[in-house]
Amino acid sequence: MANVRTIADGVRLCTVQTDKFKSAVISVTLAMPMTGSLSANALLIKVLRHSCKKYPDFVRLNKKLDELYGASLSAEFSKNGEAQILRLFASCIDDRFALENGEKITVSCAELLCGMLFNPDVKKGVFNAEAVNEEKRFLLQEIEEEINDKRSYAAKRCIEILCRNELYGKTPYGTKEEVEALTPEDLYEAWQNVLKQSTVMITCVSSDDGKRVEKLFKKGFSKIERQPAEITTEFRTRAGRFRRVEEKFPVNQGKLVLGFRTGKKNKEDDFGAYVLMNDIFGGNVYSKLFMNVREKLSLCYYCWARVISGKGILTVDCGIDTENEKKATDEILAQLKAVCDGDFTDDDIKASVMGMRERWLSMDSPGAICTWYSTQVLDEIIYTPEERVAMLEKVTKKEICAAAKRVKLEAAYMISAQEGQTDET
Amino acid sequence: MKLKEYRNNLLSESVFHLKHPTGLNIFILPKSGYTTTYAVFATKYGSIDTSVKKADGAYETIPEGTAHFLEHKLFEGEELDAFEQFAKTGASANAYTSFDRTAYLFSCNENFYESLGILLDFVQKPYFTQETVEKEQGIIGQEIRMYKDLADWEVMFNLLSALYYEHPVRVDIAGTQESIAKIDANLLYDLYRSFYNLNNMVLCVCGNVDCEKVIAVADEHLEKTDGVSNERRFVYESPKPVQTLVEENLSVAQKQFLIGYKEDRKTPEVSLADEIASQVMLETLFGITSPLFNDLLSQKLVDMSFYYEFFNGFGYACCMAGGTSSNPEKAAEIIRKTVAETVKTGLDPAAFERARRKLYGSMVKMYNSVEGVSNHLMTMYFGGCKPFEELEVCRNLTIERANRRLRKLKNSYSALSIINPLSQEQ
C-alpha cells in the first residue's frame with residue numbers, strides 16, 4: 001500500500017493513496033546526528049513553522065490555515081536512537097469535503113510545507129529576529145515547564161541518568177543555556193546544515209495521487225547540494241554499575257522509573273522476542289506488572305514497561321507513595337524474574353501476539369499510517385505493519401526467556417514527596 | 001428488526017439506529033474499508049450523579065466518585081476479569097468516567113463479534129466483594145493523588161469550585177479520599193441496579209461491521225432489565241460565582257491560569273445550535289488569529305499553551321480560557337476588558353466566518369476515526385440529537401446566534417483560578 005521512492009540523495013518520499021479517509025496528512029521528517037547543534041536545530045524547526053516568505057507573520061499564516069478548513073501544522077523535535085528528529089506535520093480535510101467545489105486543500109498544504117522548508121522568512125543570511133525571539137521564548141518556557149508533568153519528567157531523568165555518558169542521554173533540544181544563546185545567524189547556519197545533511201522521509205497519506213506533492217519537494221531539494229551525514233547509535237549490551245538518583249519535590253505522589261539495558265546489539269536484534277517479552281512483562285493490562293504491582297498489591301494506578309528498540313534499553317515507570325519504593329522495586333524485579341523463568345503460558349504468548357497485532361494493524365487514520373512510515377526515516381528496509389507482525393509470530397517461549405535474561409537493571413530515578421506534602425490535599 | 005438509516009451524502013456515510021426490545025438504543029456507522037472496529041457501551045451515570053431518584057420520587061444523596069469507582073470494579077469477574085477475557089480475542093479494552101457518563105469500550109481488528117459479546121456480558125454482570133472493593137480504594141487513591149499533582153487538572157477543578165456552589169461538577173470525577181472511603185460492596189450493587197438498566201444506556205459501534213451481525217450479538221447477550229432512564233435533578237444556581245479568585249500552590253515552573261464565565265441557566269441543557277454557536281464565538285474571540293490572543297502574546301502574557309473551551313452538561317455551562325502566564329491577573333484583566341468591548345460591538349464577521357470553517361473542518365475530520373465517531377454518536381444520543389445534525393447546524397450557523405451567545409458573557413459572572421509555583425525548597 002505504501003509506495004516509497006528516492007527523490008533526492010538521502011530523501012525518500014512515501015505515498016499512501018487512499019480514499020478511505022476524510023482528511024489527508026503530509027509530514028516531512030528530517031534526521032540529524034546528535035553530535036550536531038541540537039539546540040539550533042530544535043529552535044529552527046519551530047521557527048520554520050512560525051512563518052515563511054509568503055506568510056511572513058504568524059497571524060497571516062494561521063489565517064490561511066483557518067481558511068483551509070482549519071488545516072493544522074505542527075513542528076516537533078524528538079530522538080530516534082541517537083538521531084535528532086525534526087518534523088513538520090500538516091493535516092487537512094480531503095478535497096472532496098470542501099464547502100466549495102474544486103478547492104485543492106492537500107496541494108495547498110504541500111505548498112505551505114515547501115514554503116516553510118525552502119523559503120523561510122530569511123533576509124541576507126539572517127532569520128527574522130522577531131520570529132526567532134518569540135519561538136525562543138516559547139521553547140525556553142517549554143523546557144522550563146518539563147517539571148510540571150512529573151511522570152514524563154521522571155521518565156526523561158531516568159534516561160539521562162542511565163545514558164549519562166552516551167549521546168542518547170542528551171535531550172533533543174540540547175540545553176536551556178544553549179537555546180538562550182542562539183542568534184538569528186545561528187539559525188540560518190542550522191537551516192543550511194539541515195537542508196544539506198539530514199536524512200529525510202516525506203510521507204503523504206491522501207486521496208491525491210501524490211504527483212504534485214512529489215514535484216514540489218523534488219524541485220525544492222534539487223537546488224540543494226545534498227551531503228547526508230552518517231548517523232549511528234551506540235548499543236551498550238552490558239549493564240554498568242547500578243546508580244540511583246532521588247529528587248524531592250512538594251508533591252502528593254512519588255514517581256519511580258527504573259532503567260535497564262536489554263542486551264540488544266542493534267534495533268533489529270531479536271526484535272520480536274524483545275517486543276513480546278516487554279508486553280508479557282509490563283506492556284498491557286494483562287501483563288505481569290499490571291496484574292501484580294497494581295491489581296494484587298494495589299501499590300499504584302499505573303505501572304508500565306517500555307522497550308526502546310532503537311537504543312536497546314527498557315524502562316518501567318509507576319506512580320507510588322514514596323515509602324513504597326522498595327516494595328515496588330522488589331515486585332517489579334520479581335516479575336522480571338518470573339518472565340526469565342518462563343512463568344507464563346503459550347496462551348499468554350498468543351495473547352501478546354494478538355495484542356500487538358491489534359495495535360500495529362490498527363492503521364485507520366492517516367496520522368497513524370504517516371507516523372508508522374516516518375519513524376522509519378533511518379531504516380534501510382521499510383517494514384509494513386504486517387511484516388512486523390510476522391516477526392512476532394515466529395518467536396518461541398525460549399527466545400522470550402532468553403531476551404528477559406539479558407535485561408539488567410542499571411538505573412533508578414525517584415521523585416519523592418517532601419515531608420509534610422503527603423496526605424494533605 | 002428494522003433499522004432506521006440516517007444518511008449524509010456529503011460524507012457518504014450512513015448511521016443505522018435500532019431501539020432494541022430490551023430498551024437499549026444501538027447506533028452503528030459501518031466503514032467497509034476499515035480494518036478496525038470500535039464499540040462503546042455507556043450509561044448515563046457520571047460524577048455529577050451524586051443523588052439517585054427513588055421509587056417515591058425523592059432524591060437520595062450518594063457519595064462523590066461512585067460512578068468512577070463502579071467503572072473500575074465492573075472489570076472484575078467471578079472467574080476471569082474482563083481484561084483476561086479480552087486478552088483471548090486480542091481486543092484492546094478500556095473505560096472512562098466523565099461528568100455525565102460512564103463508558104466501556106474496546107477496539108479490535110479481528111474477532112469483533114466475540115469481543116462485543118464480552119463487552120455486553122461484563123458490563124451486565126457486576127461482581128465484587130468487600131475485599132476487592134477495599135483493594136480498589138488503594139488503586140483509586142493513587143489515581144486521585146496523581147491528578148492532585150497535575151496543574152491543568154487542578155486549575156480547572158479549582159475554577160469549577162469557585163464558580164459553582166452546589167453543582168457536583170465542582171468535585172473531582174474520582175471523588176475524594178474521604179468520599180471513596182464511604183463506598184462498600186452493597187452500595188455499589190444498589191447503584192448498579194439504579195443506573196445500569198438498558199433504558200439508561202446506549203451502544204455505539206463504528207468500523208468494519210455488518211449491522212445484522214451486531215444486532216444478532218445484542219439479541220444473544222442483552223438481558224432485559226427493569227428501570228427507566230435516569231432522571232437527573234435540576235437545581236437552579238445563581239450565575240454569580242462563589243468567589244472571584246481561587247489560588248493553589250503546586251510544584252510547577254510557571255503560573256497557570258483559567259478564567260471562567262458561568263452561564264445563567266434557567267433550564268438544565270444548552271441546545272446543540274447554541275453549543276456550536278458558543279464554540280465558534282469562542283474561537284472568534286480567543287482563537288490563534290484573534291486580536292485578543294495576539295495582543296496577549298505580544299505582551300508576553302500568554303504562550304502557545306493558551307486554550308479555550310465551552311464546557312457544558314446537565315445543569316452547568318461555562319466558557320473557559322487560560323494557559324501559562326507570567327501575570328495571570330493582568331491577562332485576566334485584558335480578557336475581561338475585551339469581552340466587555342466585544343459584547344458591545346459584536347463579533348468581526350470575517351473572523352466569525354474563518355472560525356466557522358475551522359470548526360466545520362474539524363467536524364468532518366472527526367469522521368475518520370472509529371473511536372471519534374463511536375463516542376460522538378453516544379454524545380449526540382445522550383444530548384437528544386440526531387446523527388449528523390451538527391454538520392447542518394454548523395452550515396446554517398449565523399453570526400446573530402453567535403452574538404447572542406457572546407452577550408451571555410458577563411464579567412460579574414466570572415472567576416479566575418491561578419496555580420502558583422511552589423519551589424522545591426519551600
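**Entry 1: the two domains of chain B**

I looked up the spacing first: the C-alpha centres of domain 1 of chain B and domain 2 of chain B lie 27 Å apart. Domain 1 of chain B covers 4–221 and domain 2 covers 245–421, with bounds from an automatic or database domain assignment. I note that this is a predicted model: local features need pLDDT of at least 70, side-chain atom pairs count only at pLDDT 80 or more, and totals for chains, interfaces and linings use all residues. Residues are numbered from 1 along each chain as its sequence is written, and chains are lettered from A and ligands numbered from 1 in the order in which they are written.

I then checked the contact between these domains of chain B. It takes 41 residues from domain 1 and 33 residues from domain 2; contact means C-beta atoms, placed from the backbone, within 7 Å. On the domain 1 side, H5(B) gives the largest share, nine residues. Helix H5 of chain B spans 151–163. Helices (H or I, at least four residues) and strands (E, at least two) are DSSP runs, numbered from the N terminus. The domain 1 side divides into 25 nonpolar, eight polar and eight charged residues. Here Ala, Val, Leu, Ile, Met, Phe, Trp, Tyr, Cys and Pro count as nonpolar, Asp, Glu, Lys and Arg as charged, and the others, Gly among them, as polar.

**Entry 2: chain A against chain B**

I moved to the contact between the chains. It takes 46 residues from chain A and 52 residues from chain B. Elements giving two or more residues to the chain A side include helix H4 (129–144) and helix H12 (346–361) of chain A. H12(A) gives the largest share of that side, seven residues. I find 18 nonpolar, 13 polar and 15 charged residues on the chain A side.

**Entry 3: a sheet in chain A**

I traced an open sheet of six strands in chain A, with order E1-E2-E8-E3-E5-E4 and mixed pairing. Two strands pair if DSSP finds at least two bridges between them. The edge strands are E1 (3–8) and E4 (72–80) of chain A. Neighbouring strands are turned by 20° against each other on average, direction ignored; axes are lines fitted to C-alpha atoms, for helices over the stretch in contact, and angles run from 0 to 180 degrees between N-to-C directions.

Inside the sheet, strands E2 (11–17) and E8 (199–206) of chain A pair in the parallel sense over seven bridges. A:Leu13 stands opposite A:Ile202 in E8(A). Helix H1 (38–50) of chain A packs on the sheet, and its direction makes about 165° with that of E4(A).

Key:
Two residues are in contact if their C-beta atoms, placed from the backbone, lie within 7 Å.
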